[in-house]
Amino acid sequence: MENKLVRGINGNKTIKVAAVYAPEVVEEARRIHQTTPTATAALGRTLMAGLMMAAGMKNQKDALTIHIDGDGPLGKILVTGKNDGQIKGYVQNPQADHDLKANGKLDVSGIVGSQGVMTVVMDLGLKEPYVGRVSLLSGEIADDFANYFVQSDQVPSAVALGVLVEKDRTVKTAGGFIVQMMPGVADQEMDQVEEAVKKIGSVTDYFKTGKGPEDLIRDLLEGQDPEILESRPIAYVCDCSKEKVEDSLLSLGHKELEEIQDQDGQAEITCYFCNEAYHFDGEDLDRLIKKSKDLDKE
């Protein structure tokens, strides 16, 4: 089944749903960062939430960044993307792990921590980006996003995010959904969704049956005339380049670049999102120092 994100709405336009099926996306993140199973689940859940949130932004240049900073051994989670179906992210300590829960499930909150902060930054092309910040509720990620939508956006929401990892640490399946109640939603409509969520149960078990995200939306909105609004492919993609890294080095200023040249004679910058290493030799640094000085004169 193709990795994709699907958005839908009920007939009364009072409940909107995003659903995502993303095992290849999460597996690519795991491959790049060599995460433990529990870290894979934590990063994967955040990546999928980011995909669904970014899909709701209007303009292609709008950008979303999610920071989760818990008190667990995983450290920070950072995910960023736009509404083009591409996402990227990393965790501070990809080797953090935890014993399984008593029910055999991965203990994501055990490595994320239940104390900390979730920050969502939306750059919508305005003078200042929108910044929403809430305390972590559980560290299980899905609960924390549901809490964010209520506390920061005042939108009652149901969020489910799941990653199933094989014994060899590869990702078997991954998916999730976000259901959001719009103004004017009736109590009966909310009750129907609540029952549908209970009926669906584990989102990874749901996708193991062979059903896709379109089916998930129809099942979540059963009896409410669901309409599929869009379907798009998704992928883990890092858009870093040597040119972008050069811009970052230039932002240091010529004095700091001269210090790097005097001390090391070269520089190597590794991208956090894809682990691509960019090497700058002495000639490169000479060129950047000259360019930095020219920019200072302008």
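The legends below describe close-up views of a predicted model.

In this predicted model, local features need pLDDT of at least 70 and side-chain atom pairs count only at pLDDT 80 or more, whereas totals for chains, interfaces and linings use all residues. Residues are numbered from 1 along each chain as its sequence is written, and side-chain values use heavy atoms, with hydrogens and water left out.

**View A. An open sheet of five strands.** The strands follow the order S8-S9-S2-S1-S10 with antiparallel pairing, where helices (H or I, at least four residues) and strands (E, at least two) are DSSP runs numbered from the N terminus, and two strands pair if DSSP finds at least two bridges between them. Strand S8 (157–165) and strand S10 (227–233) each have a single partner strand and stand at the edges, so one side of each is left without a neighbour in the sheet. From one strand to the next, the twist averages 10°, with axes taken as lines fitted to C-alpha atoms, for helices over the stretch in contact, and angles running from 0 to 180 degrees between N-to-C directions.

**View B. The pairing of S1 with S10.** Strand S1 (residues 4–9) runs antiparallel to S10 and is joined to S10 by six bridges. Gly-8 has Ile-228 as its bridge partner in S10.

**View C. Helices packed on the sheet.** Helix H2 (residues 37–55) touches S1, strand S2 (15–21), S8, strand S9 (171–181) and S10, and its direction makes about 140° with that of S8; contact means heavy atoms within 4.5 Å. Helix H4 (residues 142–153) also packs on the sheet, where it touches S8 and S9, and its direction makes about 160° with that of S8.

**View D. Aromatic pairs.** The structure holds five aromatic pairs, for which rings of Phe, Tyr and Trp (its six-membered ring) must have centres within 6.5 Å, planes under 30 degrees apart counting as stacked, over 60 as edge-to-face and the rest as tilted. Tyr-148 and Phe-149 form an edge-to-face pair, 5.7 Å centre to centre with 65° between the planes, and both residues are buried (under 20% relative accessible area, with exposed over 50% and partly exposed in between; 1.4 Å probe, protein chains only). Tyr-206 and Phe-207 are likewise edge-to-face, at 5.7 Å centre to centre and 85° between the planes. Tyr-206 is buried at a relative accessible area of 7%, and Phe-207 is buried at 4% relative accessibility. Ring pairs link Tyr-21, Tyr-206 and Phe-207 into a cluster.
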